[in-house]
Amino acid sequence: MREKILGIIEKNSKMDLKELAVILGESEIDVANEIAAMEADGTICGYHTLIDWEKTSIEKVSALIEVRVTPQRGQGFDSIAERIYKYPEVNSVYLMSGGYDLLVTLEGKTLKEVSSFVTNKLSTLETVLSTTTHFILKKYKDHGTIMAKKFEDTRLIMTP
Amino acid sequence: MRNPLSDKITEVKPSGIRKFFDIVSEMKDAISLGVGEPDFDTPWHIRDEGIYALEKGRTFYTSNAGLKELREEISKYIAERQKVVYDPLKEIMVTVGGSEAIDMALRCMLNPGDEVIIPEPCYVSYVPCTKMADGVPVIINLKNENRFRLTAEELLEAITDKTKVLILAFPNNPTGAIMEKEDLEKIAKVVIEKDLYVISDEIYSELTFTGKHVSIASLPGMRERTIMINGFSKAYAMTGWRLGYACGPELIIKQMIKLHQFAIMCAPTTSQYAAVEALRNGEDDVNMMREAYNQRRRYLLHAFEEMGLPCFEPGGAFYVFPCIKEFGMTSEEFALRFLQEEKVAVVPGTAFGDCGEGFLRISYAYSLEDLKVAIERLARFVENLRRQQEK
């Protein structure tokens, strides 16, 4: 049941318990208990809303920053990752394979804000060797959802 | 001037859905639950393969029976799913949708006057195709109390000296009924005893929600008596690609390929390349779609229960077939009023045979969000009707 619940609420966390129970063919209590258990053990870490900020009057700048670091003895990348993810303006931090070590995503109000974070905070960290900052120009698809256009039903209205 | 038309074609009645289609098309803001095809787009990797085939210039005829690699994939797929082995070179042909296969099979198997047993409610093409093949349709009216399954008794009653073919279409459009192994065994016994053949339209086989689909061809003694028809439309959401196939004994398939060669040449080449990809790498997509349909099915059954609308639990396809007899209206009257008052289009059960009277076909090839809106309106409509009845 866990996998099925997660499959649905990963896409639509707003679905109410009763409906979730109906479409899964399970009892409401079982579904509620399962979700509570997953919240308690950290399987479910939070509920977010996917927003197309371009539709609002709020200005946002998103950036991907590739970070190369020197791993520390006994701690690997964990402690430097922690130093970085503790900044509230940082959205995500991933340890990567390949040409760089950490991928940091960041959201700021202006270009200036992002660049000041990189120059003043990120690159001054002792273990950071170098950074490469990419600004996101347009989001076509995010979290499996296509932002560019709406689904249009082009089927014939009635077919046998 | 002479009448340009044949008597045969003028006697064939137009599809019962046509009339309703015209009315619905006039209404600009109507929402529809009347569509008989998936709401999903064809999975991207399958479309990509079609595009690639075009780019590569694979734009010529294929062999009449279809691409060899496609027939081999079909053979593997059927062997794995239905435990029936067909020789890809002699016992499988690729057709323009399942519809063509039905037409070809009937035309290759019937002599004038041969009777074809057609359990109704059913898909709209069986009766006209039988007539065009000079056969005589013999209708069995399936019953709600049997969950719209065919019983051996019903079949026996319909058989005469002239009966040659039985058309079985499960999971069923429009009822969503399925036939389980035990049900099919009883039918197979009669078919063998009475020396009949079966055209088994299994186009919805992948959309079986309660257990696994069983083909009648997999039962002892039935392989040589069955033309198994399937296709890509429903399982892989590929209706517009027009691709299906027929599997059966060489004796019959050979003649069907001959007719297909003269009438069609071959199924669309682009679609055939895409279909190879569908069979090789499409299983996850099928599973995802089946699960989505099943969730909607549960949602609808629950909604009907809440509004007190009787509906047997369908085990397959993407239709539910609720009963509206309590309102004292014909299916058509109900559907028309529902359309006018609530602007929701459903198909009257009678579009699929006279015994569909008192039922509606509601398709759940729609997103849950769309279904919710439509069901809210149905609940309101039903409540209003009941209030009017009380007065």
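Visitor: Where does A:Lys4 sit?
Guide: A:Lys4 belongs to helix α1 (residues 2-9) of chain A. Helices here are DSSP runs of H or I with at least four residues, strands are runs of E with at least two, and both are numbered from the N terminus. The model is predicted: local features need pLDDT of at least 70, side-chain atom pairs count only at pLDDT 80 or more, and totals for chains, interfaces and linings use all residues. Residues are numbered from 1 along each chain as its sequence is written, while chains are lettered from A and ligands numbered from 1 in the order in which they are written.

Visitor: Why does A:Lys4 count as partly exposed?
Guide: A residue is buried with 20 or more other C-beta atoms within 10 Å of its own, exposed with 12 or fewer, and partly exposed in between; C-beta atoms are placed from the backbone. A:Lys4 has 17 C-beta neighbours inside 10 Å, so it counts as partly exposed. A:Glu34 is 30 residues from A:Lys4 along the chain, and their C-alpha atoms are 11 Å apart.

Visitor: What makes B:Thr95 buried?
Guide: B:Thr95 has 27 other C-beta atoms within 10 Å, so it is buried. This residue lies in strand β2 (residues 92-95) of chain B. B:Arg242 is 147 residues away in sequence, yet its C-alpha is 8.1 Å from that of B:Thr95.

Visitor: Which residues does B:Thr95 touch, not counting those up to four places away in sequence?
Guide: Among them are B:Glu100, B:Met104, B:Gly244, B:Tyr245 and B:His260. Contact requires C-beta atoms, placed from the backbone, to lie within 7 Å.

Visitor: How do you know that β2(B) and β8(B) pair?
Guide: Two strands pair if DSSP finds at least two bridges between them. β2(B) and β8(B) have four, in the antiparallel sense. B:Met93 has B:Ala246 of β8(B) as its bridge partner. Strand β7 (residues 226-231) of chain B also pairs with β8(B) in the antiparallel sense, over four bridges.

Visitor: What makes both faces of strand β8 of chain B covered?
Guide: B:Gly244 and B:Ala246 on one side are buried, as are B:Tyr245 and B:Cys247 on the other.

Visitor: Why is strand β5 of chain B called largely enclosed?
Guide: Five of its six residues (163-168) are buried, so the rest of the structure largely encloses β5(B). Strand β3 (residues 115-120) of chain B runs parallel to β5(B), joined by three bridges. B:Val116 stands opposite B:Val165. Strand β6 (residues 197-201) of chain B pairs with β5(B) in the parallel sense over four bridges. B:Leu166 has B:Val198 as its partner in β6(B).

Visitor: How do you know that the span of helix α5 of chain B agrees with expectation?
Guide: The expected span is 1.5 Å times one less than the number of residues. The 13 residues of α5(B) (97-109) should span 18 Å, and the end C-alpha atoms are 19 Å apart, which agrees. α5(B) is mostly covered, with 12 of its 13 residues buried. These include B:Glu100, B:Asp103 and B:Met109.

Visitor: What span does helix α13 of chain B reach?
Guide: α13(B) (368-390) has 23 residues and reaches 33 Å from first to last C-alpha, close to the expected 33 Å. Its buried residues are B:Leu371, B:Ala374, B:Ile375, B:Leu378 and B:Val382. They pack against β1 (31-32), α11 (283-307) and β10 (344-345) of chain B.

Visitor: What domains does chain B have?
Guide: Domain 1 is 7-41 + 284-382, and domain 2 is 58-281. Such bounds come from an automatic or database domain assignment. The two C-alpha centres lie 25 Å apart. Across the boundary, 35 residues of domain 1 contact 32 residues of domain 2. On the domain 1 side, α11(B) gives the most, with seven residues.

Visitor: How many residues of chain A are in contact with chain B?
Guide: Eight residues of chain A contact 19 residues of chain B. The chain A side has five nonpolar, two polar and one charged residues. Nonpolar covers Ala, Val, Leu, Ile, Met, Phe, Trp, Tyr, Cys and Pro; charged covers Asp, Glu, Lys and Arg; the others, Gly among them, are polar.

Key. Contact = placed C-beta atoms within 7 Å.
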